[in-house]
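Dear colleague,

Please find below the structure that I am handing over to you. A short account of the findings follows it.

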Amino acid sequence: MTFSLLFEILEYQQARYPHKVAAAGWRNGQWHTLTTAELLAERDQISAGLLYSGLHPGDRVGILAHCGSPEWLIADAAMMQTGIIPVPIHATARPDEMAHIAQDAELKACFVSNADMLQKLRGSGMQLKQVFSFEPHSDIPDVLSWNALACEPDEHLAGKIQYYREGIQEDQLATLLYTSGTTGLPKGVMLSHKNIVSNVKSVLAIVPVGPESVAVSFLPVSHILERMVCFTYQAAGTAIWFADSVERLPRILQEVRPHFISAVPRVLERMYERLLEERNRSGKLKKKILDWAIALGERFPYSGGQAMPLDYRLKRWLADVLVFRQWRKRMGGRIRYIAVGAAALQPRLGRLFSAARIDVREGYGLTETSPVIAFNRFEPGGVHFGTVGIPAPGVEVRISAETDEEGNGEVEVRGPNVTRGYLNLPEESAERFTPDGWFKTGDLGRFEFKRFLRITGRKSEVFKTTTGKFVAPAFVEQQLVRSPFISQAMAIGLNRPYVAALIVPEFQQLEYWCRENKVHWTAPQYMILNPKVQKLFRQELDQLNETRLGSVEKVREFQLLHEPWTPENGLLTPTLKLRREVILKAFAAEVEKLFE
């Protein structure tokens with residue numbers, strides 16, 4: 001048996017890897033687990049309930065959830081097998097974005113995960129005929145609970161479900177996913193069953209998951225990355241344990257003890273910061289040992305086909321005994337693989353985790369490509385830290401003919417995973433394709449080591465200084481956050497004489513530095529003005545300018561900011577990308593001072 005439609009993946013799992021714990025979610029202070037057979041039964045019950053409530057094939061239904069859950073998987077499959085189109089909405093979306101999605105997609109109904117999401121839904125002013133809840137019971141008027149929606153399909157409803165299933169083709173629209181967009185309102189990316197299924201099968205061929213594996217899912221399933229990953233887990237027979245919040249992740253990792261997780265770089269940065277916290281609490285001897293082990297890990301030599309020198313193997317073994325083994329234990333003790341996407345990973349972190357026997361592999365993709373375009377492999381010779389890896393099986397990648405002096409050009413993609421376009425935007429959809437049918441990603445990059453793709457920036461973000469030189473801000477920012485004292489950075493310099501940067505410090509690390517250097521610590525808004533702190537950041541930038549940045553990219557001036565940029569305050573997109581225009585507007589006065 002195989003699968004060509006997304007809702008068939010659970011049946012594929014039942015036929016090949018029937019699981020006692022196919023999915024688990026946290027509810028009322030305890031884990032709630034479901035077998036593959038139970039997932040299938042609930043899928044059909046929810047399908048019956050949706051049809052009984054008056055929904056029809058082609059209707060669009062939102063999903064607004066604060067986290068992933070078995071109910072998310074079930075609702076998704078239940079809609080798709082009846083031809084209803086799921087429309088995930090990011091929990092961090094602004095009210096105006098939610099209202100736009102409801103209007104643009106013509107939503108007929110929406111699932112919410114809890115009372116908080118219901119309040120957010122109603123606060124957006126969305127006008128919906130029906131609201132369904134993931135919660136088993138609900139006493140809220142006009143909201144149908146999970147148990148009330150689910151109904152055992154009678155002969156008529158069962159026949160209806162089967163009829164609709166048989167009419168669905170692989171090129172048919174499966175889901176609408178609204179891109180967060182760094183400017184303007186989100187656009188509805190149309191993805192077919194074939195788009196996502198082709199990507200699932202590509203990833204299955206290169207990721208070491210199977211029926212003996214356990215995975216923890218904590219990224220929002222409203223993002224195409226985690227949604228596709230969950231389909232991949234199901235196809236591989238991997239048990240999925242859904243975290244109810246990122247804040248509880250350290251405890252959940254110890255409870256579930258997964259082998260595999262997918263993450264964004266910030267999660268790895270937090271894991272690394274916890275190691276630094278331990279270092280800062282330790283005595284002199286342990287501090288020296290931790291510093292030595294971390295420095296050793298950040299020099300991890302294994303990349304591509306490069307052999308590991310014998311002396312490094314011995315030092316790594318010692319570091320494992322003294323440091324890395326305990327670090328892994330705090331992550332559950334069995335974690336072996338981490339797939340990273342959505343933003344650029346600092347190469348030193350990829351090396352450090354891999355040295356600690358947790359293979360970290362960075363990939364690259366877009367919502368429009370379902371999403372994986374390229375990925376570093378787990379097998380020997382398949383990784384080069386600092387790149388996003390080798391094109392996924394079945395996906396073609398090329399660099400446009402227009403390139404700069406370093407060979408960077410727009411990354412273009414072709415394959416069965418590529419969207420047919422944006423909902424209600426035919427002209428913009430057509431503009432994203434070349435005359436010969438390649439999708440223009442908008443990202444700049446080049447191939448290194450013959451087949452490894454490196455992303456160097458966004459085409460739309462490249463700016464020219466008054467010296468006439470072009471600068472890719474994303475590359476500059478990637479170098480700045482290499483500093484352990486820099487959490488976030490944005491390079492600026494359009495029509496300016498030089499490059500400057502807005503910087504959000506890594507305040508926890510900065511506090512430890514202040515204590516070690518006898519600098520009195522107060523609130524962040526005062527610390528960013530401290531002359532000694534300013535001197536520290538000047539030294540950090542001088543070092544990065546000297547070792548990492550070219551002459552036109554060097555950051556001459558900087559401004560420290562005391563509040564982090566988040567999706568909640570509108571300075572990041574839901575996928576954690578900088579909203580550059582919004583940041584520039586919010587800190588217009590600070591920017592002007594940088595160029596006085």
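How many disulfides does a search of the whole structure find? The search finds 0 disulfides, a disulfide being a pair of cysteine sulfur atoms within 2.5 Å. Cys-110 is in none, and the nearest cysteine sulfur, that of Cys-67, lies 15 Å away. Cys-110 is buried because its relative accessibility is 0% (buried means under 20% relative accessible area, exposed over 50%, partly exposed in between, with a 1.4 Å probe and protein chains only). Cys-514 is also buried, at 0%.

Please note that this is a predicted model, in which local features need pLDDT of at least 70 and side-chain atom pairs count only at pLDDT 80 or more, while totals for chains, interfaces and linings use all residues. Residues are numbered from 1 along each chain as its sequence is written, and side-chain values use heavy atoms, leaving out hydrogens and water.

The protein has 21 helices and 26 strands (DSSP runs numbered from the N terminus: helices are H or I with at least four residues, strands E with at least two). Buried residues make up 58% of its 596 residues. The C-alpha atoms fill a box of roughly 75 × 55 × 50 Å along the principal axes.

Strand 17 is joined to strand 18 (residues 409-414) by 5 bridges; Ile-399 has Val-411 in strand 18 as its bridge partner.

Yours sincerely

Conventions
Two strands pair if DSSP finds at least two bridges between them.
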